[in-house]
Amino acid sequence: MRGLLASSVGVTCAAALALPLTLPDPSHAAAPSPARDAIPGSTQSLALAPLTNATRASGAPEEQGLPQRDVRPFSLVGVVWDDPNAELHGHVQVRTRATGTARWSAWQDVETHNDDAPDLDTPEHTSGHVRGSTAPLWVGDSDGVEVRVDGEAPARTEAPSRPAAPAPLPRGLRLELVDPGAEPSPPGPGPVPAGGATPAGTSAKTPTDAAADTATEIPELSKKETEDELIVSRGGDVETTTARPYVGARPRIVTRKGWGADEKLREKKFAYTKTVKAAFVHHSATGNNYRCSQASSVIRSIYRYHVKSSGWRDIGYNFLVDKCGTIYEGRAGGVTKPVMGAHTLGFNTNSMGVAVLGSFSGTNPPAAAVNAIARLTAWKLGLYGANPSGTTYLKSGGGNLYRKGTKVRLHVISGHRDGFATECPGRRLYNKLGHARSSAARLQGR
């Protein structure tokens, strides 16, 4: 597996696809640099303050927020706080004003429990940069905002004379307003090299090579082309090999260059695990009010929110899928490699995270997005010999469902909620995972 290289992708794509002969140590990741503020796109960070409420009774839940105000243009909002281990027990709502108009939106809920996160004992989590955060919400081009954060009411007790105190809001609440910056050039594949796959034992350019920055998409391959490529990468001969690998056809993937990732924003180095045994499916919880032509802007906003606002080393997901079924490269390090993400707290090791852009607790996911999950997992899990319709074991890194060190049996294609007590990926997307499993297995030829 460590020599896999696409034969029909441009030289620049080939660099992104090569598997390393020796996987880098995740503990060697570089610390975020404060000098990364001067890049395309922007983040406005506004401290929240207690809201004036003369009728608030003693012992009532805490309220913080911001009154209506004019701000620089932005398209995505979220709330962060100082302690990454503190939970926000309450409700967050925002109203926004469309840029250049007097039209204010209705109040919109922001999902407060953002359980996409680095594992607890990893250098990424313990870097000192990580903050607690809500899920981000895509609101479109806006230049006015209002926000309110209400703590939860006291829980009833059997002794009314001693009511429970309301949960305090986390310290250091701030509203984050993200501008995704300008759109990149339209995606297009790079030149096709004449050579085949890189033989095991030879060197290959890494994703940080400057040439990789010119490839905006990785074109799809047929199933036979994908199988041949995998056979060669394993040292076999496509003419004499009779046992074909169970792997789905490689789908078209828009690269980080294609969706406009500014590579100065993330950490320079990469973190890898040993293999990919499972895929966790998420929804981004950013809402469904985006057009497919805006998907790159949504992803750039999530990227910036994860790095600048939440303090992560890169975007948390390994791949993202929009409502039209387009697949996007997520966290940097190579689309074929076992890149460690920050998607499922406690289970980021030996897994991959796939986020569908949208919110699917009360809305059905588009069939195109579910089919894209199947195509992506049939390919990527097939590179590592995983059966999408089967089960596997992962060791928990600690979370609210499983204690650290617990070996947990999971579907090879699982929902986020299978590893962590959360609504993600939304009930209606979760209910489609059985279809994704069977489809992915069929695409592998099982």
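A residue counts as buried when its relative accessible area is under 20%. By that cut-off, 53% of the 446 residues of the protein are buried. The model on your screen is predicted.

**The whole chain**

Show the cartoon. The protein has seven helices and 17 strands. Now think about how the chain folds back on itself. Take the contacts between residues at least 6 apart in sequence: 78% of them join residues at least 24 apart.

**Stop 1: helix H5**

Select residues 367-383, which form helix H5. How many of the 17 residues of H5 are buried? The count is 13, so H5 is mostly covered. Next, check the length of H5. At 1.5 Å a residue, the 17 residues should span 24 Å. The end C-alpha atoms of H5 are 25 Å apart, which agrees. Step past the end of the helix to Gly 385, which follows H5 and has a positive phi, near 75°.

**Stop 2: where H5 meets H7**

Angles under 35 degrees count as roughly parallel, and 65 to 115 as roughly perpendicular. H5 and H7 are therefore oblique to each other. Their crossing is right-handed.

Now show the side chains at the contact. On the H5 side, select Val 370, Asn 371, Ile 373, Ala 374, Arg 375, Thr 377, Ala 378, Leu 381 and Gly 382. On the H7 side, select His 435, Ala 436, Ser 439, Ala 440, Leu 443 and Gln 444. Colour these residues by type: eight are nonpolar, six polar and one charged.

**Stop 3: helix H2**

Select residues 223-233, helix H2. Which residues of H2 are buried? They are Thr 226, Glu 227, Asp 228, Glu 229, Leu 230, Ile 231 and Ser 233. The buried residues of H2 pack against H5. Follow the chain on from H2 to Gly 235, where phi is positive, near 85°.

**Stop 4**

Select Trp 104, in the loop between strand S4 (90-98) and strand S5 (108-110). Is Trp 104 buried, partly exposed or exposed? Its relative accessible area is 21%, so Trp 104 is partly exposed. Set aside neighbours within four places in sequence, and Trp 104 is in contact with Gln 68, Arg 69, Arg 95, Thr 96, Arg 97, Gly 144, Val 145 and Glu 146. Pick Glu 146 from that group. Trp 104 and Glu 146 are 42 residues apart in sequence, yet their C-alpha atoms are 9.6 Å apart in space.

Move to Thr 96, in strand S4. Thr 96 has 4% relative accessibility, so it counts as buried. Beyond residues up to four places away in sequence, Thr 96 touches Trp 104 and others, including Phe 74, Arg 103, Ser 105, Gln 108 and Val 139. Ser 142, Gly 144 and Val 145 are also among the residues that Thr 96 touches.

**Stop 5: Lys 395**

Finish at strand S15, residues 391-395, and select Lys 395. Is Lys 395 buried or exposed? At 55% relative accessibility, Lys 395 counts as exposed. Leaving out neighbours within four places in sequence, its contacts are Gly 346, Phe 347, Gly 405, Thr 406 and Lys 407. Last, draw a line from Lys 395 to Val 408. These residues are 13 apart along the chain, and their C-alpha atoms are separated by 6.1 Å.

Conventions
Residues numbered from 1 in each chain as written. Predicted model: local features only at pLDDT ≥ 70, side-chain atom pairs only at ≥ 80, totals over all residues. Heavy atoms only, no water. Axes fitted to C-alpha atoms, helices over the stretch in contact; angles between N-to-C directions. Helix = DSSP H or I, 4+ residues; strand = E, 2+ residues; numbered from the N terminus. Parallel < 35°, antiparallel > 145°, perpendicular 65-115°, else oblique. Left-handed = near helix turned anticlockwise from the far one by under 90°. Contact = heavy atoms within 4.5 Å. Nonpolar A, V, L, I, M, F, W, Y, C, P; charged D, E, K, R; others polar. Expected span 1.5 Å × (residues − 1). Buried < 20%, exposed > 50% of the residue type's maximum accessible area, 1.4 Å probe, protein only.
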